[in-house]
2 protein chains.
Amino acid sequence: MNGASDMSGVQRYAYVRDGAEIYRRSFATIRAEARLDRLPGDVARVAVRMIHSCGMVDLVDDLAFTPSVVAAARAALLAGAPVLCDAQMVAAGVTRRRLPAANEILCLLGDPRVPRLAERLGTTRSAAAVDLWADRLAGSVVAVGNAPTALFRLLELVAAGAGRPAAVLGVPVGFIGAAESKQALVDDPARLEYLVVHGRRGGSAMAVAAVNAIASEED
Amino acid sequence: MNGASDMSGVQRYAYVRDGAEIYRRSFATIRAEARLDRLPGDVARVAVRMIHSCGMVDLVDDLAFTPSVVAAARAALLAGAPVLCDAQMVAAGVTRRRLPAANEILCLLGDPRVPRLAERLGTTRSAAAVDLWADRLAGSVVAVGNAPTALFRLLELVAAGAGRPAAVLGVPVGFIGAAESKQALVDDPARLEYLVVHGRRGGSAMAVAAVNAIASEED
């Protein structure tokens with residue numbers, strides 16, 4: 001604590017130090033620059049937070065969604081649904097106090113059954129961990145922020161009769177399979193409620209931003 | 001486990017399921033598309049992973065760095081330095097088994113002293129948490145993936161005589177202060193070793209990718 005008390009007077013740079021003011025100005029900048037007008041109000045609110053998480057206002061141009069996705073995800077959370085995450089970073093980022101029903105935030109990537117299951121299925125650990133969601137899927141909110149294989153696997157399980165999630169926030173990132181997995185979710189005959197960012201962009205921070213925005217109407 | 005055993009035969013979509021192959025193809029795509037030629041080899045390796053984390057090959061055009069930053073950070077990790085992170089998501093994302101000396105990964109944002117300290121300093125909790133790093137700063141690797149105020153505060157503490165980190169991976173994200181804080185790091189008279197992504201882009205996944213790349217030469 002010495003450092004803290006010795007150096008409290010040090011202010012070399014001029015910058016906004018008020019967290020609430022930083023949020024206000026950030027969201028105002030996003031609302032001024034991003035083309036949010038084509039979005040329903042509840043989706044626009046989520047988009048603002050997703051843009052905030054990555055610093056790119058043109059993210060909105062790659063956004064695709066079902067009109068009721070935010071309402072469906074919000075209702076699920078209010079009803080106590082778990083949030084099923086494909087990566088520990090996604091699970092770590094969700095702000096617990098925003099959740100309306102102390103909802104469980106679950107990432108099973110570290111489950112001891114995963115390595116062997118991945119081997120048996122001939123797939124990634126991220127996809128194998130999705131198989132372990134099977135009995136939690138019905139009514140859940142799924143947040144995929146990392147692995148395209150997790151999103152593909154989810155669609156396979158739903159097609160095979162696994163429970164139907166209330167909403168899928170699908171923003172896996174990267175160069176191999178990411179764009180394809182998101183397109184597959186959009187085209188899927190199961191017609192799940194979805195929010196995706198088409199193309200290569202995505203990531204755990206973006207998935208977290210979507211969950212946090214939906215969890216609470218507080219800004 | 002029922003779901004896992006019942007559904008192991010389900011393979012509806014054609015996609016690459018081999019994790020190692022996904023990495024190989026991803027990195028090959030990035031090396032083919034990104035303009036890495038102007039970078040020293042060790043920085044290029046880190047850039048590839050940062051690009052991998054966000055899906056954007058043009059990230060490299062906003063990259064700025066000191067020529068020795070990767071070597072300095074790597075040497076620090078080998079010597080057992082802690083990784084000081086501004087956000088829980090950054091700390092959560094670092095792959096422990098890649099670390100060469102079981103290095104401590106530290107985020108103090110949840111420290112009980114932070115709220116009061118932030119109030120006293122008239123700043124964000126993210127910046128206040130940096131004050132609590134004071135006696136760990138010397139020789140550390142700092143990874144800022146979220147808050148511009150944390151990066152500004154770091155520069156203030158170093159200017160006031162706090163310990164000098166071995167390297168600063170500075171990729172705070174956003175609209176208010178992010179670009180300015182990274183420019184401040186580049187221009188800082190303390191001439192720290194740094195790696196930044198200029199502008200609004202950044203984020204915890206990018207910071208994690210940089211740490212993970214530097215931690216191990218394994219791909």
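**Exercise 1. Aromatic pairs**

How many aromatic pairs does a search of the whole structure find over all chains? Classify the pair Tyr13(A) and Phe152(B), and state where each residue lies.

*Solution.* The model is predicted, so local features need pLDDT of at least 70, side-chain atom pairs count only at pLDDT 80 or more, and totals for chains, interfaces and linings use all residues. Residues are numbered from 1 along each chain as its sequence is written, chains are lettered from A and ligands numbered from 1 in the order in which they are written, and side-chain values use heavy atoms, without hydrogens and water.

Step 1. The search finds six aromatic pairs over all chains. Rings of Phe, Tyr and Trp (its six-membered ring) pair if their centres lie within 6.5 Å; planes under 30 degrees apart count as stacked, over 60 as edge-to-face and the rest as tilted.

Step 2. One of the six pairs is formed by Tyr13(A) and Phe152(B), with centres 5.4 Å apart and planes at 45 degrees, and is tilted.

Step 3. This pair crosses between chains: Tyr13(A) belongs to the loop between α1 (2-6) and α2 (19-33) of chain A, and Phe152(B) to helix α8 (residues 148-159) of chain B. Helices (H or I, at least four residues) and strands (E, at least two) are DSSP runs, numbered from the N terminus.

Step 4. Tyr13(A) and Phe152(B) are both buried. Buried means under 20% relative accessible area, exposed over 50%, and partly exposed in between (1.4 Å probe, protein chains only).

**Exercise 2. A ring cluster and charges over rings**

Which residues do ring pairs link into a cluster? Where does the charged end of Arg17(A) sit?

*Solution.* Step 1. The cluster consists of Tyr13(A), Tyr15(A) and Phe152(B), linked by ring pairs.

Step 1. The charged end of Arg17(A) is found over the ring of Tyr15(A), 3.9 Å from its centre. A charge sits over a ring if NZ of Lys or CZ of Arg is within 6 Å of the ring centre and within 35 degrees of the ring normal.

Step 2. In chain B, the charged end of Arg17(B) sits over the ring of Tyr15(B), at 3.9 Å from the ring centre.

**Exercise 3. The sheet of chain A**

What is the order of the strands in the open sheet of chain A? Which strands are at the edges?

*Solution.* Step 1. The six strands follow the order β1-β6-β5-β4-β2-β3, and their pairing is mixed. Two strands pair if DSSP finds at least two bridges between them.

Step 1. The edge strands are β1 (63-65) and β3 (105-107) of chain A, each of which pairs on one side only. From one strand to the next, the twist averages 15 degrees.

Step 2. Strands β5 (residues 167-170) and β6 (residues 194-197) of chain A pair in the parallel sense over three bridges. Val168(A) has Tyr194(A) in β6(A) as its bridge partner.

Step 3. Helix α9 (residues 178-187) of chain A lies across β5 and β6 of chain A, at about 150 degrees to β6(A). Axes are lines fitted to C-alpha atoms, for helices over the stretch in contact (heavy atoms within 4.5 Å), and angles run from 0 to 180 degrees between N-to-C directions.

**Exercise 4. Strands of chain B**

Is strand β5 of chain B covered or uncovered on its faces? How do β4 and β5 of chain B run?

*Solution.* Step 1. Both faces of β5 (residues 167-170) of chain B are covered: Ala167(B) and Leu169(B) on one side, and Val168(B) and Gly170(B) on the other, are all buried.

Step 1. Strand β4 (residues 141-144) of chain B runs parallel to β5(B), and four bridges join them. The bridge partner of Val142(B) in β5(B) is Val168(B).

Step 2. By contrast, β1(B) and strand β6 (residues 194-197) of chain B run antiparallel, joined by three bridges.
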